[in-house]
Structures are given as structure tokens and as C-alpha cells.
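Open the model in your viewer and follow the stops below in order.

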Amino acid sequence: MTIRDMVKVLNASILRGEDRLDTPVSTACCSDLMSDVLAFVNEKTVLITGLTNPHVVRTSEMLDLKCLVFARGKIPTDDILDQAEERGLVVIATKQTAFTACGLLYEAGLRGVPIEWPEGEKE
Amino acid sequence: MSSFIHTVYPVEAADYTRAGEASADIKRKLKQLGLSSMVLRRVAVASYEVELNLVIHSMGGELILDVDENGVRLTSQDVGPGIPDIELAMREGYSTANEDARALGFGAGMGLPNMKRNADEFEIESEVGKGTRISMRFALSP
């Protein structure tokens, strides 16, 4: 799947990074808790969130994420979008709720990021 | 021992707007050194967590980056208020973050455990009324 496919599935609008829609994606995570994203995401993936503050972009920068999907019709301010653009992120927005957005993307073949549990914490 | 990089970043309490700028700079500096993306990511995550902890919980402090041939060291020290029960603070899901921090997506109680998880060595010492010092070391090769 590419980000372009995600745009179709979510009927999303493209906010930044129109030239990078052919970037392939295979996994995603969904959270409004940036601490959890920082704790559990181990790969360059897609983040679906309803949070629209600068820390979403900052967190994405720390983790080298590929694409941000803002759910339930929320759109961050232009300065936040510009920061995302500077960091090479593709940003799209959908009117779907986060739950439905995840369901649609899962149905289309996207999967959750594998979680790496630390030693001694397996299962 | 010679240090290739030694940078001190002052971090102000409750400055949510600038929170993360030091970590972004640290990541850029380390990227220029050509660190592997895995090490880079682990340092970036731990650095961002510790920087946010300074902003959210401390009365101000500093984040110090040291790089030498042995690896990367991140040190955070603040001027208070100190952690009364470190064992409790280290527990995943335990958080004393205020509403401001939670509104920004923090306060999941993953900060300290996440630092420990990403660092090769993690030390924390704290005294109520004095402050907290966290020291993390990252080896250059996994």
C-alpha cells in the first residue's frame, strides 16, 4: 500500500507532501498519547491521531515516521503543518473517527506495528 | 578522555512551546556524526522523554549531551522538586503529570521506563527538595 492508497481509502485531504504520496507503507499505529507512541513504535510507520499540537510533529521527527493522519476532521494550524513538511512528513486528514480510519486501513491491508517487549516482559 | 561533543541545553519549567527543541538538535548533531539509525532513534526517544520530564515535572534544569569514542551520554539534572519514590515513578503507567501535559499527549506514565528501555545504562538519583539527576549511556554499536 502507498500513502496514495490510504488517501483513497480514507477519502482524505492532502495537507502536505503531495509529491511523496507514492511512499510505500505497511504498518500503522493509532494513539493520542505521544508517550505511548514513543514507547512502542519501533519502525518508520504511519501515525493516526486526533491530537493536533506541535508535539505530534516532534514525536514523529524523533521516530522518523513517514505519514501523519489526522482523524475526525481535525486539522492542525499552518505552522505545525509547515514543521511537518520541513521534516519530510506527508500529512493527510480524514473526517473519519480514529477507530473507523483504523478499521478501513486494516481492511485495505495495513497492519499494526509489531510491539517489541523488553526482556522479561514477554506475554 | 576527550569528548567530541559536549553541549549543555538549558530547559525551562513549563515551557511547552520549546519542549523538544534540545532533542531535535541532539538528533541532528548525532545524525551528522553518522550514527546508525537504530542508535539514533533510541537516543532521540530517551532524549525527548527526559527533556519533556524536565519541562513537565521539574523547576528547571539542563540536558547535557556528551559524545566520545565510547558512545553517547545524556545527563539531565534539575533544581527540584525531586522524586519521593523512585520505584513508583519507574512503574509503567504511573504519572503525576498535570492537565497541561496531558492535553499535549503526555503523562502516560511511560517516560522513565521508556528511557531505561532505550538506554544501555540508566541511572537515576533524586532527593526531595534538591533535585533529580538522570544519566544514560548509549553504545555506538548495538
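Start by selecting I48(A): this residue stands opposite V69(A) in β4(A). Strands here are DSSP runs (E, at least two residues), as helices are (H or I, at least four), numbered from the N terminus. This is a predicted model, in which local features need pLDDT of at least 70 and side-chain atom pairs 80 or more, while totals for chains, interfaces and linings use all residues. Residues are numbered from 1 along each chain as its sequence is written, chains are lettered from A and ligands numbered from 1 in the order written, and side-chain values use heavy atoms, without hydrogens and water.

Next, show β3 (46-49) and β4 (67-70) of chain A, which pair in the parallel sense over 4 bridges; pairing takes at least two DSSP bridges between strands.

Now select α1 (3-10) and α5 (98-107) of chain A. Their axes, lines fitted to C-alpha atoms over the stretch in contact, are 10 Å apart at an angle of about 125°. Where they meet, M6(A), V9(A) and L10(A) face A101(A), L104(A) and L105(A) in contact (heavy atoms within 4.5 Å).

Finally, move to chain B and select L65(B), which touches residues including I5(B), Y9(B), L30(B) and V72(B).

Notes. Axes fitted to C-alpha atoms, helices over the stretch in contact; angles between N-to-C directions. Lists of a residue's contacts leave out its neighbours within four places in sequence.
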